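Hi there,

Here is the structure I promised to pass on. Please have a look at it first, and then read my notes below.

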Amino acid sequence: MKVRDVMTRQVVTASPNDSVQAVARLMADAETGAIPIEVPGVGNLVGVITDRDIVLRVVAEGLASTTAVSEIMSVGIEGCLEEDDLREAVRKMEELNMRRLLVYDNERQLSGIITLGDITAEYRDIADTDPRPETGVQT
Amino acid sequence: MNDRLWSEAVIIEAPGRQLRVESTRDAEICLRRYWPLKDGRALNLARDACQRALSGSASPDSARRAFVEAAREAEFEIRSWS
């Protein structure tokens, strides 16, 4: 199975200067827990902000909701390709201790995001549709 | 999509609540999801102004002005220099 079969195609991005409050609203509206951060006008990706970042780095620390995204985002744009094998993407998530990876197309443009939730949902669907193989074990 | 930051944020307040709105996209989300009124003349004009600004047929400033009017209609206290 390929990353493209499971990924969430998403093009919603935010700016490093956006406030955490605005990004939280955007997350709710886009029904996502992670938003890539892109420099406006230039289009370069510089990081990712997650709902977890907001809880742990803003709410728990007592920072204002007006805090700029750039102050708390995770810097780095680690990702995988749409064509990558899903197992490879999972291995990368484990290595990096991340729950999400950005997904790029063949032209290295951001095309979406893949999350552990996407993967477990896919495997749950497979488990629901595939009959269990007979084991021959009798109880 | 013309959704970049406004020249100046609009901060609107109600008891126990403060919304800081800095872009047309954010204003559109606020009007749609976090607004106390479901209907209103200024609200409808602001929604329309935001949509037009997001599609590029109106300026972000016009969306900002319409948003401020909608906030007044909803009886928010407005903190903005312009």
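First, the conventions. This is a predicted model, in which local features need pLDDT of at least 70 and side-chain atom pairs count only at pLDDT 80 or more, while totals for chains, interfaces and linings use all residues. Residues are numbered from 1 along each chain as its sequence is written, and chains are lettered from A and ligands numbered from 1 in the order in which they are written.

Where the chains meet, chain A contributes twelve residues and chain B ten residues; two residues are in contact if their C-beta atoms, placed from the backbone, lie within 7 Å. On the chain A side, four of the residues are nonpolar, five polar and three charged. In this scheme Ala, Val, Leu, Ile, Met, Phe, Trp, Tyr, Cys and Pro count as nonpolar, Asp, Glu, Lys and Arg as charged, and the others, Gly among them, as polar.

Chain A has an open sheet of three strands in the order 1-2-3, with antiparallel pairing. Strands (E, at least two residues) and helices (H or I, at least four) are DSSP runs numbered from the N terminus, and two strands pair if DSSP finds at least two bridges between them. Strand 1 (34–38) and strand 3 (74–75) of chain A are the edges, each pairing on one side only. Strand 2 (residues 45–50) of chain A joins strand 3 of chain A through two bridges, and Gly47(A) stands opposite Val75(A).

In chain B, the axes of helix 1 (residues 24–33) and helix 3 (residues 60–73) come within 10 Å and cross at roughly 30°. Axes are lines fitted to C-alpha atoms over the stretch in contact, with angles running from 0 to 180 degrees between N-to-C directions. Helix 1 of chain B is therefore roughly parallel to helix 3 of chain B (angles under 35 degrees count as such). Thr24(B), Ala27(B) and Leu31(B) of helix 1 meet Pro60(B), Ala63(B), Phe67(B) and Ala70(B) of helix 3. By class, that contact has six nonpolar, one polar and no charged residues.

Finally, two residues to look at. Asn97(A) is not a glycine, yet has a positive phi of about 55°. Asn97(A) lies in the loop between helix 4 (86–96) and strand 5 (100–104) of chain A, and counts as exposed because it has 6 C-beta neighbours inside 10 Å (exposed means 12 or fewer other C-beta atoms within 10 Å, these being placed from the backbone). Glu75(B) also has a positive phi, near 65°, and lies in the loop between helix 3 and strand 3 (77–79) of chain B.

Best wishes

Notes: Angles under 35 degrees count as roughly parallel, over 145 as roughly antiparallel, 65 to 115 as roughly perpendicular and the rest as oblique. A residue is buried if 20 or more other C-beta atoms lie within 10 Å of its own, exposed if 12 or fewer, and partly exposed in between; C-beta atoms are placed from the backbone.
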